[in-house]
Amino acid sequence: MSAVLANLEIFWEGFEATLALTLLSTIAALVLGILLAAFRVSPVPVLSGAAATYVEVVRNTPLTIVFFFAAFVLPQVGVKFSYFAFAVLAMSVYYASFFCEVIRSGINTMPIGQLEAARSIGLTFTKSMRLIVMPQALRTVVPPLINVFIQLTKSTSIASAFGVVELLSVMARLANQESQAVIAILIATAVFYLVITIPSGIIAGHIERRVAIAR
Amino acid sequence: MKIQKWGAVLLGAALATSLAACSGSATGNETKSDSASSVASHPSFPAGSTMAKLAKAGTVRIGVKFDQPPYGSKDLSGKEQGFDVDIAKAIAGGLGIAPDKIQWVETVAANREPFLQQGKVDFIVAAYGITDSRKQVVSFAGPYFNDPQDLAVKKGNPENIKGPKDTAGKKVCAITGSAVAQEMREHYPKAQLVQFDVQTKCAAALKDGSVDAWTSDTGNIWGAMAKDPSAFDLVGKPFRDDLYAVGIPKGDTQFCGYIEKTIKKLESDGSYKKAWNENIKTLLDKIGLKDSSMPTPPSLQSCTALTK
């Protein structure tokens, strides 16, 4: 326990990086995921085909390999980002495919008549998506979205193997430095992840109740 | 009836696999070791000591690296080889245990202490540096080798890094959580540390120019240079000793004494030099380093202090 308290500052540094990585990746992945979902249900075959291919390729690749591409293949073709930026890129690209599928399932729960009605009063496809379909679709999928968010939070630990100093790197460093208190350091690391994931579950519960549509 | 039939099929399959596994390991054990580590015929040890116990059992479990040449690795036929492996064979040989009676266990940085504490290995020869925090949970015997921390740079040294002081403001790669990274944080805090989980990633990052230097124990840099001689240069200004010793269960002073006696013997009878020549000199010649002469082995530390 004293080993944890003495190193709280180092833990905090890692926690901040994990939190920043989680939030930035979630925002980017969610935006990309919404776009992909709109593409997948669009009537233009090129768009729906491209989005479907993206989802199938990315979703079925291990995240570690996506990280490898970002951190080691991109630099070879001249892309020079910081390793933190590479990590955000890898996480966003990967989790966009999961967010896309969750949102698409939300869109699919909507009666087709709504889209037909929207189009028949003269809204374009983009407008009817933005004003009619998405607002309702997103409300129905809050629990699975949070599920993906929690998974994303935990996956940030992979970044420790790709040049980012976050919670897991801090754990490795402290476990080596304080060989006598490894268990305490492992538990403290797990608690720091819970500090992110448990409140997000609770907040999700609140949002779900607030935005639920009475059917 | 149907269930019984399937049960029989499964049982048959299980038997077949286990038989195959048995025969596989038997042939594996038959391969004779070509290194000339001598095996004592009837050594005698104080009753109740670890040596007596192991000599009586006639077998020993030794933790080594499987992926870190020139210290411990597996050759193409899956046989363990390396400098550490030769030292381990000599320690076992002094107990009357032939190389083919040794059970090699892979140990990595994260599991060396637990394996010793839980008795999963009898001792460890795995590029295992003596540190104060490790000494709190395990004991050491030796040291038998010094593998100092050094820097590798891109071929031609474009950033003109001549020693650790020149890393200020430069991106330096090291293994996450390692003593090597800790040394940089403590003594060269102006270097920007980039950390990966394995050495090969540091080598790749240095090669593609994402980092300016890579710091590690020298042996790892040799390993990378041997694979890709045109990619890296060794700076050659070692700045932190890493004294490799044999890891043993905490407090076993007698066993430490036996191991240190064995190391002394290896140094005096030329086996140490032979192990150096076979494992490390060949590597250095392959890289083309100018100086491949054997450094003086580090002096042994007192077992009373090492096993406190």
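Predicted model: local features only at pLDDT ≥ 70, side-chain atom pairs only at ≥ 80, totals over all residues.
I'll start with chain A. Two packed helices are described by the angle between their axes and the distance between the axes. The pair here is helix H2, residues 8–41 of chain A, and helix H3, residues 45–59 of chain A. Their axes come within 7 Å and cross at roughly 130°. Angles over 145 degrees would count as roughly antiparallel and 65 to 115 as roughly perpendicular, so H2(A) and H3(A) are oblique to each other. The crossing of H2(A) and H3(A) is left-handed.

Which residues make the contact? From H2(A) there are A:Leu36, A:Phe39 and A:Arg40. From H3(A) there are A:Leu47, A:Ser48, A:Ala50, A:Ala51, A:Ala52, A:Tyr54 and A:Val55. By class, that contact has eight nonpolar residues, one polar and one charged.

Next, the interface. On the chain B side, 19 residues are in contact with 18 residues of chain A. Three elements of chain B each give two or more residues to the side that touches chain A: H5, helix H6 (179–187) and strand S10 (192–196). That side of chain B has six nonpolar, nine polar and four charged residues.

Now the backbone of chain B. Most residues other than glycine have a negative phi, and most peptide bonds are trans.

The cis bonds, then. One joins B:Pro69 and B:Pro70, with omega about 5°. B:Pro70 sits in the loop between strand S2 (67–68) and strand S3 (72–74) of chain B. Another cis peptide bond joins B:Gly142 and B:Pro143, where omega is also about 5°. B:Pro143 belongs to strand S7, residues 139–146 of chain B.

B:Ala127 has a phi near 45°, a positive value in a residue other than glycine. You will find B:Ala127 in the loop between strand S6 (123–124) and helix H5 (132–135) of chain B. Is B:Ala127 buried or exposed? B:Ala127 has 24 C-beta neighbours inside 10 Å, and the cut-off is 20 or more, so B:Ala127 counts as buried.

For B:Asn157, phi is near 50°, again positive in a residue other than glycine. B:Asn157 lies in the loop between strand S8 (149–154) and strand S9 (171–175) of chain B. With 17 other C-beta atoms within 10 Å, B:Asn157 is partly exposed.

That is the last item.

Methods:
Residues numbered from 1 in each chain as written. Chains lettered and ligands numbered in written order. Helix = DSSP H or I, 4+ residues; strand = E, 2+ residues; numbered from the N terminus. Buried ≥ 20, exposed ≤ 12 C-beta atoms within 10 Å, placed from the backbone. Contact = placed C-beta atoms within 7 Å. Nonpolar A, V, L, I, M, F, W, Y, C, P; charged D, E, K, R; others polar. Axes fitted to C-alpha atoms, helices over the stretch in contact; angles between N-to-C directions. Parallel < 35°, antiparallel > 145°, perpendicular 65-115°, else oblique. Left-handed = near helix turned anticlockwise from the far one by under 90°.
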